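I opened this model to look up its strand pairing and its aromatic contacts. My notes follow in the order I took them.

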Amino acid sequence: MARNTGSRRRLGELLERKELIVAPGVYDGISAHLAKRTGHSAAYLTGAGVAAAGFGLPDIGLVTQTEMVERARMAVRALGDVPLLADADTGYGAPINVIRTVREYEDAGVAAIQLEDQAFPKRCGHLPDKELVSADDFLRTLGAALDARTDDGMLVIARTDARGPLGLDEAIRRANRYAAAGADILFVEAPQSTAEIERIAAEVDAPLLLNLVIGGLTPDQSVERLQQLGFAVAIHPSAVLSQATLGALTALCRLRGVDVEDFAPSKPQEFFDLVGMAEWSALGEKYQPPTARQEA
């Protein structure tokens with residue numbers, strides 16, 4: 001397998017320094033190249049960005065494993081020795097599917113793969129109405145992922161989305177269970193206040209990742225504050241994409257002589273509406289009525 005051991009070793013070295021790793025979201029060739037050329041120490045392959053910019057889709061589980069792997073492979077090539085942390089959603093199926101997902105991401109050369117405990121089809125972590133699998137079910141997914149990798153240098157990031165549906169206490173409980181099972185980095189998605197971020201830092205015993213989405217549920221945090229709290233990684237999945245989108249909208253609106261403010265999104269739901277969120281949601285309601293899949 002192509003392992004890209006240099007970037008994995010680099011990520012390990014960065015984590016050992018215990019200095020916050022700031023990873024901008026990348027989603028295509030130019031964003032990956034620019035992340036490297038501007039001197040970033042790591043980058044994050046954003047599933048939402050790949051869905052929207054790569055396929056014109058909202059982040060609601062419509063992009064497949066093979067599509068994400070090809071994007072990861074392209075980004076790794078562009079980034080070279082800059083480590084890529086890559087979103088892999090729920091692993092794209094049962095544990096046996098997760099095994100293949102891990103093998104494919106490892107072969108693509110990513111430095112870390114991120115898996116989450118949402119039910120399929122997943123939703124952007126900063127949208128409402130998320131559904132979860134049980135913690136025990138996700139532990140089977142996590143176990144399959146840890147066993148499937150042939151290079152322990154490729155780290156496994158375990159994400160819990162329990163804060164929204166089940167509350168912060170359950171999110172922290174799950175994060176600690178996933179850490180005890182061997183996850184390398186823990187990711188509690190969408191804390192809703194600075195106090196919640198501080199609780200996560202104090203109560204989860206593992207290297208931590210925080211997701212800072214423009215207009216999302218989590219309040220912005222400075223590098224200095226996250227460093228003080230002991231976070232290992234801060235990802236900024238929308239930092240590049242939001243500016244690229246605004247630039248494209250501005251150019252298009254100028255050509256038509258209309259006001260860009262009539263189109264510019266200010267939060268994730270509005271951004272995904274630009275790529276058909278309302279239409280896809282209507283189809284989901286028509287053909288796949290929601291079921292009570294949440295479990296403690």
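I began at Ile21, which stands opposite Val233 in β8. Strand β1 (residues 21-26) and strand β8 (residues 233-236) run parallel and are joined by four bridges. I counted two strands as paired if DSSP finds at least two bridges between them. Helices (H or I, at least four residues) and strands (E, at least two) are DSSP runs, numbered from the N terminus.

I noted the source before going on. This is a predicted model, in which local features need pLDDT of at least 70 and side-chain atom pairs count only at pLDDT 80 or more, while totals for chains, interfaces and linings use all residues. Residues are numbered from 1 along each chain as its sequence is written, and side-chain values use heavy atoms, with hydrogens and water left out.

Next I looked at the other neighbour of β8. Strand β7 (residues 208-211) runs parallel to β8, and three bridges join the two. Asn211 has Ile235 in β8 as its bridge partner. From β7 the chain passes through helix α10 (residues 223-229) to β8, a right-handed β-α-β crossover. Right-handed here means that, with the strands pointing away from the viewer, the path from the first strand over the helix to the second runs clockwise.

What do the strands form as a set, and in what order? I found eight strands that close into a barrel, in the order β1-β2-β3-β4-β5-β6-β7-β8, with parallel pairing. From one strand to the next, the twist averages 25 degrees. Axes are lines fitted to C-alpha atoms, for helices over the stretch in contact (heavy atoms within 4.5 Å). Angles run from 0 to 180 degrees between N-to-C directions.

I then turned to strand β3 (residues 84-87). Strand β2 (residues 43-45) pairs with β3 in the parallel sense over three bridges, and Ala43 has Leu84 as its bridge partner in β3. Strand β4 (residues 112-116) also pairs with β3 in the parallel sense over three bridges; the bridge partner of Leu85 in β4 is Ala112. The chain goes from β3 through helix α5 (residues 95-108) to β4 in a right-handed β-α-β crossover.

Are the faces of β3 covered or open? Both are covered: Leu84 and Ala86 on one side, and Leu85 and Asp87 on the other, are all buried. Buried means under 20% relative accessible area, exposed over 50%, and partly exposed in between (1.4 Å probe, protein chains only).

I went on to strand β5 (residues 155-160) and strand β6 (residues 185-188), which pair in the parallel sense over four bridges. Thr160 has Val188 in β6 as its bridge partner. Helix α8 lies across β5 and β6 and runs at about 160 degrees to β5.

Last, I searched the whole structure for aromatic pairs and found two. Phe138 and Tyr178 form a tilted pair, 4.6 Å centre to centre with 50 degrees between the planes. Rings of Phe, Tyr and Trp (its six-membered ring) pair if their centres lie within 6.5 Å; planes under 30 degrees apart count as stacked, over 60 as edge-to-face and the rest as tilted. This pair links distant parts of the chain, with Phe138 in helix α6 (residues 135-148) and Tyr178 in helix α8 (residues 168-180), 40 residues apart. Phe138 is buried at 1% relative accessible area, and Tyr178 is buried at 0%.
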